[in-house]
Amino acid sequence: MTTVAELSALPRPPTVGMPFLTLLRTIRDFHTAGATFRDTVGPVTTTNLGPFVPKLVWVSSTQGAHDVLANHDGSIDKHTTLVRQLRLLGGESVFSLGNESWKPRRRTLQPLFTKQHVEHFTGHMAGAARHLASAWPAYSVIDIDAESRHLTLRVLGRSLFGLDLDADAERLGPPIREVLNYTTARAIAPVRLPVWVPTPGQRRWSEARAVIWSIVDAAIANAHTHPGHAELLDLLFQAKDPDTGLGLTHEEIRSELTTFLTAGHDTTATTLSYALWQLGRNADLQTSVAAEALALGERDLTMADIPDLALTIRVLHEALRLCPPAAAVSRSVERDLAIDGYRVEAGQDIIVSIWALHRDPAIWGADADEFDPDRFLPEPSKNRDRWAYLPFGGGMRSCIGDHFAMTEAAIALATLVREVEFESQDDTFEVALPFTMTAAGPVPVRVRPRKRAAPPPPASGQPTA
């Protein structure tokens, strides 16, 4: 641990010297800002947008990521401007709570994500993916991003909420984007009006939040009326903090469900659409992924098949590297601390740039921007820094649903590629960052039924079917 004397001897991070408007535009491109600052100034830098916004410390080194995310001494928390604005959306959830309140909530929720429960939560994915693929007209061009969102929302609704959310897919998408866009915009705005001021933007935000909460409240009411139809909700009703015996209130359950809905819906869908877009540009790799799934037979895939989907998992890891759902994670500095050789002072917010880490040529090589799932083979992975790859964050505040997300995405990807051949129509995958990473617009791919290999002829003297 760094002593007070050692800490005081460290330099402050250098400040990014850009004109105000240029700096603001750079920060609004939140996913690439960390890499820009690293390349122009260094791996730990400070930006200052004025007296009404905390100084932001941008971290894009593996040591810096470790110093922030693995910190357990109380000098790092989650009271950032961004997270405080997010609490306006869904209240205080396991994602947005400060550390002291987060600990009992995490203890309460962790049993919900055991292997047994994850297997149940993902149980609808294979059938839903197969049904979706069968509905696409052969040789048509579809928006794989929109289709992936329909798929994840359908599975989320049936597996976790006990509701058929198919009809709500179009109704939910725009409100989720509106709320997250507005939350992020408020977080980096030099001046923020109170949320009760009826500006056009805040009215849209309030109306969008009301749509999301109405669907979440309907799921809670339905689960109370029909126990056994939504395992996650039943578990939330029964969940108790093992230390205190306290359960969750209605407001706390709604907060957690709102987080699951926005995070579980958007992030898995983007990972799936990005992976399919990449496979649609590489026919040989796509054929290999399909062969891996076809080798398991025609039955629906389950969590037990994951060990036999090694290439599928590597494809997903590479998709998560190049298009991480959380392009950056934020933390607040509660007292001065050392981050990768610099003294960062209390009262500042830290942004750990996962996008910058995932595309750093010093870590991943000169071809860091190229899609290559073999980066995740055992040999090239064995000496890679633990903090170079953080698709679900890191440290004690890493994503509670990471295993669920990976299992769901693997079953979906393998099922879809087993059923359908994809041919991407665009050479670029434009991204947007309302809060988590999403596609900036439609992702067109042409689909056609995958040809199965002809069965081998019967042995001599054996009857044909």
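Aspartate 145 counts as buried because its relative accessibility is 6%, where buried denotes under 20% relative accessible area, exposed over 50%, and partly exposed the range in between (1.4 Å probe, protein chains only). Arginine 149, at 11% relative accessibility, is likewise classed as buried. The structure is a predicted model, in which local features need pLDDT of at least 70 and side-chain atom pairs count only at pLDDT 80 or more, while totals for chains, interfaces and linings use all residues. Residues are numbered from 1 along each chain as its sequence is written, and side-chain values use heavy atoms, with hydrogens and water left out.

A salt bridge at 3.6 Å (N to O) is formed by the side chains of aspartate 374 and arginine 314. Because aspartate 374 lies in the loop between helix 17 (361-364) and helix 18 (378-381) and arginine 314 in helix 15 (residues 310-322), the pair ties together parts that are 60 residues apart in sequence. Aspartate 374 is partly exposed at 37% relative accessibility, whereas arginine 314 is buried at 16%.

Within helix 15, glutamate 318 and arginine 321 are three residues apart, about one helical turn, and their side chains form a salt bridge of 2.8 Å, N to O. Both glutamate 318 and arginine 321 are buried. Salt bridges link Glu318, Arg321, Asp367 and Arg375 in a network.

Methods:
Salt bridge = Lys/Arg side-chain N within 4 Å of Asp/Glu carboxyl O. Helix = DSSP H or I, 4+ residues; strand = E, 2+ residues; numbered from the N terminus.
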